[in-house]
Amino acid sequence: MKFFVDTADVDAIRELHALGMVDGVTTNPSLILKSGRDILEVTREICSFVEGPVSAEVVALTADEMIAEGRKLAEIAPNIAVKVPLTWDGLKTCKVLSDEGKMVNVTLCFSANQALIAAKAGATFISPFIGRLDDINLDGLELISDIRQVYDNYGFDTQILAASIRTANHVTQCALIGADVMTAPPAVIKGLANHVLTDKGLEQFMKDWAKTGQKII
Ligand code: G3P
């Protein structure tokens, strides 16, 4: 499973990139707001060191305007994936831009049917939002599983990009289900290293090592 980082915080991306953990980046208008930076400038900086797909989202609501915004965003770098919302106009945009050879990430997906029509419109990535379904007492992981089955049934090559990932368990389950990609905030990715038994075991090793009175260096 590929790891994308869901942030426009360049320092956080650089830290994970240095560990080989960044197969791509996803941003959205809320994350651009959080970064406090200009969308074109920050996206350009991210693309200067991230080799994989970097999603940059359009903000217009009509297809014509979305297509224009998407073309402008795609000019930033060859690895831009234009992110469009899962609306009818977003799907029109997806078809036009994907026919032009651009990567398109269709976002705000909350049903298997939405994922199906996004694939038919030529989406490179479909972004189902797990956490936001869980927030309203639905099962976000079940959606990932359903989309996996639908895409496998018909051989769609649209990649399932599991988004709105909030917990380590979301990551585990997405990997077990077979999501192609998961995108998570840096804190969730860093948290994957944590285990209570690792902490406990390390504490014991440190105590015992101190008793040996030895040094390695
Ligand atoms: O990738 C989508 C993500 O940014 C949404 O996450 O936690 O705001 O639902 P969240």
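View 1. A polar side-chain atom of Arg166 is placed 2.8 Å from an oxygen atom of the ligand. Of the accessible area that the ligand has on its own, 310 Å², the protein covers 81%. Arg132 also contributes a polar side-chain atom, which lies 2.6 Å from a ligand oxygen atom. For Asp6, an N or O atom of the side chain is 2.6 Å from an oxygen atom of the ligand. The residues that surround the ligand are Asp6, Asn28, Phe129, Arg132, Ala163, Ser164, Arg166 and Thr183. The model shown here and in the following views is predicted.

View 2. Asn28, one of the residues surrounding the ligand, is located in the loop that runs between strand β2 (24-26) and helix α2 (29-35). Its relative accessible area is 14%, and Asn28 is therefore classed as buried, the cut-off being under 20%. The side chain of Asn28 makes a contact of 2.8 Å with the backbone nitrogen of Leu31.

View 3. Helix α11 covers residues 196-212. Gly213 follows α11 and has a positive phi, near 70°.

**View 4. A nonpolar patch on the surface.** Six side chains are shown: Leu202, Phe205, Met206, Trp209, Ile216 and Ile217 form a nonpolar surface patch, and together they present about 780 Å² of accessible area. Within this group, Ile216 belongs to the segment after α11 (196-212). Ile216 counts as exposed because its relative accessibility is 76%, where the class requires over 50%.

**View 5. Ala118 in helix α6.** Ala118 is part of helix α6, which comprises residues 112-120. With a relative accessible area of 0%, Ala118 is buried. The view also includes Ala77, which is 41 residues from Ala118 along the chain; the C-alpha atoms of the two residues are separated by 24 Å.

Definitions and conventions. Residues numbered from 1 in each chain as written. Predicted model: local features only at pLDDT ≥ 70, side-chain atom pairs only at ≥ 80, totals over all residues. Heavy atoms only, no water. Patch = residues over 30% accessible without salt bridge, like charges linked within 9 Å, V, L, I, M, F, W, Y side chains within 5 Å. Areas by Shrake-Rupley, 256 points an atom, 1.4 Å probe, with all protein chains shown as cover. Salt bridge = Lys/Arg side-chain N within 4 Å of Asp/Glu carboxyl O. Helix = DSSP H or I, 4+ residues; strand = E, 2+ residues; numbered from the N terminus. Buried < 20%, exposed > 50% of the residue type's maximum accessible area, 1.4 Å probe, protein only. Near = heavy atom within 4 Å. Polar contact = N/O pair within 3.5 Å; in protein donor to acceptor, adjacent residues only side chain to side chain.
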